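Subject: Structure for your reading

Dear colleague,

Please find below the structure I promised to pass on to you. My notes on what was found in it follow directly after it.

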Amino acid sequence: MRTTSRGLITAFALTPLLAGCFAPSDNGAGGGAGPDGRLRIALAVPPVQALSPYSNDATVLSKLSVAEGLTVLDKNGVAAPALAKSWKQRNATTWTFELRKAEFQDGTELTAEAVVNAIDHAGAAKPKPRVLSDVTLTAKADDADTVTLTTKSPDPVLPLRLASPALAILSAKAYAKDGKVSPVGTGTGPFEITKLTGKSGAALDRFDGYWGGKAKAPGLDVTWIPDGTARANALRGGEADIVEWIPTSQAKLLKADTRHVVSSVRTDSLILNTGKGVFTDPGLRAAAREAVDGTDLVDSVFGGYADPAQGLFGPAVPWAADLRVPVTGRARAASVGQVRSETKGKTVRLAAITNRAELPEAATVLQQRLEKAGFTVKLDVREYTQMEGDLLAGRYDALVFSRVTLLDTGDAVAYLASDYTSDGVYNIARLKDTGVDKAIQAAAAEGDTKRRQEKIMKAEAEILRTDAVVPLVHERVVQGIADDVEGVVLDPRERSLVDLDTHLK
């Protein structure tokens with residue numbers, strides 16, 4: 001089997017087996033062709049907002065090569081041409097992008113006005129996409145094939161930002177008057193969504209009008225299976241060809257040639273709600289931080305498919321370790337007696353999502369450790385789509401969470417801004433800290449790559465100082481691929497999965 005680690009070309013069912021979810025297999029556990037060579041794909045997290053690019057669903061659009069932005073990230077994390085064939089920075093806040101000749105899946109042409117329309121809708125979305133949490137972006141059509149983008153303040157990494165799945169360019173048909181956005185038949189990628197069945201599945205056909213050429217696979221049949229064991233069983237039973245996020249407990253049960261391990265930019269952490277509840281107290285947050293330790297979780301929970309957390313960024317972010325800044329200024333941890341006295345028996349509501357099978361198990365371990373430290377803890381485990389609203393509304397005291405740190409832009413600043421600044425749109429920790437805000441702003445304004453990385457690591461230290469987040473492990477993601485499939489994209493950023501070259505032998 002051949003796989004590729006490059007990015008896109010320029011461009012909870014709980015049953016143990018899943019009979020009926022996919023087309024029947026011809027050859028059992030080794031995989032097998034779907035009808036007419038279509039690929040059968042099992043994804044983990046069901047759509048939250050009908051695959052709107054302004055939700056966490058956005059990555060599905062890039063994983064399945066449905067929609068594209070003006071740029072794309074190459075294997076080194078550098079911005080490469082996609083719908084824009086070239087670009088030029090005019091001054092600190094102004095960039096001009098030249099568009100390639102392309103068409104949308106509904107038959108309309110890609111034009112500068114279409115790009116302006118898409119960028120305007122992204123900026124007006126509520127809540128704002130995470131990728132725009134630290135920038136104000138305006139777009140203007142200069143002519144049919146030229147777009148000028150302007151930022152309110154300098155944004156040295158704008159080409160990286162425009163590669164975000166949340167900034168995919170869709171046709172005018174995609175944008176409804178009520179603010180909803182539909183990628184069904186409105187993207188520019190090599191695969192077109194022809195049917196979306198709620199949160200259970202989707203059908204995609206090859207889009208033969210794709211500017212980059214003709215995909216090798218005639219189509220994709222996608223099923224969302226939140227339960228990790230069921231996903232692994234779908235691969236073993238020959239009912240799926242490509243399965244994402246194989247649980248580590250299931251990984252060694254797969255045939256060796258169907259198990260593919262990818263060092264990921266994903267970090268699993270304990271996030272503490274600093275806005276209300278017991279963890280508004282820095283001393284209690286420090287006590288929680290001292291109580292939990294991810295080191296032994298690497299083997300006991302993750303089966304060796306992880307590394308002990310060194311901070312927010314792990315081994316898949318190669319420059320982070322050499323630039324890491326010591327954390328100073330943390331609050332003194334409350335003793336067991338102080339924890340019991342100050343919490344007065346109040347229950348800490350600890351949440352974990354089921355979509356990644358290891359997180360509930362890790363949460364159970366952390367619950368025991370927090371209780372030993374004097375906290376009273378109630379565990380709430382649910383599927384992510386059932387929990388997202390409560391997380392963003394701050395209804396939990398603590399969360400065991402898995403975050404792809406370079407997902408939104410390929411640049412760490414956007415992640416830090418969305419998750420930890422006072423007005424961050426994904427600030428689950430509800431952190432409001434002047435030192436953190438200033439450190440992130442300083443990193444955002446830096447154009448030199450090395451100095452930007454140094455300032456990112458200073459911002460990491462400022463965030464860790466608050467104990468709003470306690471990193472646990474850096475994951476290694478296991479992807480399941482049948483042995484008769486070629487060309488699956490093994491992406492550390494988890495943005496890509498299927499592209500032009502992905503097909504059955």
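The buried residues of helix 11 are covered by parts of the chain that include strand 15 (347-353), strand 16 (376-382) and strand 17 (398-404). Helix 11 itself runs over residues 384-392, and its buried residues are Y384, T385, M387, E388, D390 and L391. Just after this helix, G394 takes a positive phi of about 75 degrees. Please bear in mind throughout that this is a predicted model.

D390 counts as buried because its relative accessibility is 18%, and buried means under 20%. Which residue forms a salt bridge with D390? The partner is R382, and the closest N and O atoms of the two are 3.0 Å apart. R382, at 23% relative accessibility, counts as partly exposed. The pair also belongs to a network of salt bridges that links R349, D380, R382, D390 and R395.

Salt bridges elsewhere

In total, 30 salt bridges are counted.

The side chains of E462 and R465 meet in a salt bridge, with 2.9 Å from N to O. Both residues lie in helix 14 (residues 449-466); they are three residues apart, and so about one helical turn separates them. E462 is partly exposed, as its relative accessible area is 26%.

Another salt bridge joins the side chains of R493 and D491, at 3.9 Å from N to O. Are these two residues buried or exposed? Both R493 and D491 are buried.

The chain as a whole

The C-alpha trace spans about 70 × 60 × 45 Å along its principal axes.

How much of the chain counts as buried? Of its 505 residues, 59% do. The chain exposes about 18900 Å², and carbon and sulfur atoms supply 50% of that area. As for charge, there are 61 positive and 63 negative charges, and their mean positions are 4 Å apart.

Backbone details in the loops

K126 and P127 are joined by a cis peptide bond, with omega of about -5 degrees. P127 sits in the loop between helix 2 (112-124) and strand 7 (137-143).

K344 is not a glycine, yet its phi is positive, at about 50 degrees. This residue is placed in the loop between helix 9 (336-343) and strand 15, and strand 15 is one of the elements that cover the buried residues of helix 11. K344 counts as exposed, since its relative accessibility is 67%.

R430 is likewise not a glycine and has a positive phi, of about 55 degrees. Its place is the loop between helix 12 (412-420) and helix 13 (434-445). With a relative accessible area of 32%, R430 is partly exposed.

Two residues and their surroundings

Which residues does T229 contact, if its neighbours within four places in sequence are left aside? They are P247 and Q250. T229 is found in helix 4 (residues 228-236), and it counts as partly exposed at 33% relative accessibility. Along the sequence, T229 and P247 are 18 residues apart, while their C-alpha atoms are 6.9 Å apart in space.

L500 lies in the loop between strand 20 (488-489) and strand 21 (503-504). Although placed in a loop, L500 counts as buried, because its relative accessibility is 8%. The C-alpha atoms of L500 and A168 are separated by 18 Å, and the two residues are 332 residues apart along the chain.

With kind regards,
A colleague

Methods
Residues are numbered from 1 along each chain as its sequence is written. This is a predicted model: local features need pLDDT of at least 70, side-chain atom pairs count only at pLDDT 80 or more; totals for chains, interfaces and linings use all residues. Side-chain values use heavy atoms; hydrogens and water are left out. Buried means under 20% relative accessible area, exposed over 50%, partly exposed in between (1.4 Å probe, protein chains only). Helices (H or I, at least four residues) and strands (E, at least two) are DSSP runs, numbered from the N terminus. Contact means heavy atoms within 4.5 Å. Accessible areas come from the Shrake-Rupley method with a 1.4 Å probe; for residues, only the protein chains shown count as cover. Lys and Arg count as positive and Asp and Glu as negative; His and the chain ends are not counted. The place of a charge is taken as NZ of Lys, CZ of Arg, CG of Asp or CD of Glu. A salt bridge is a side-chain nitrogen of Lys or Arg within 4 Å of a carboxyl oxygen of Asp or Glu.
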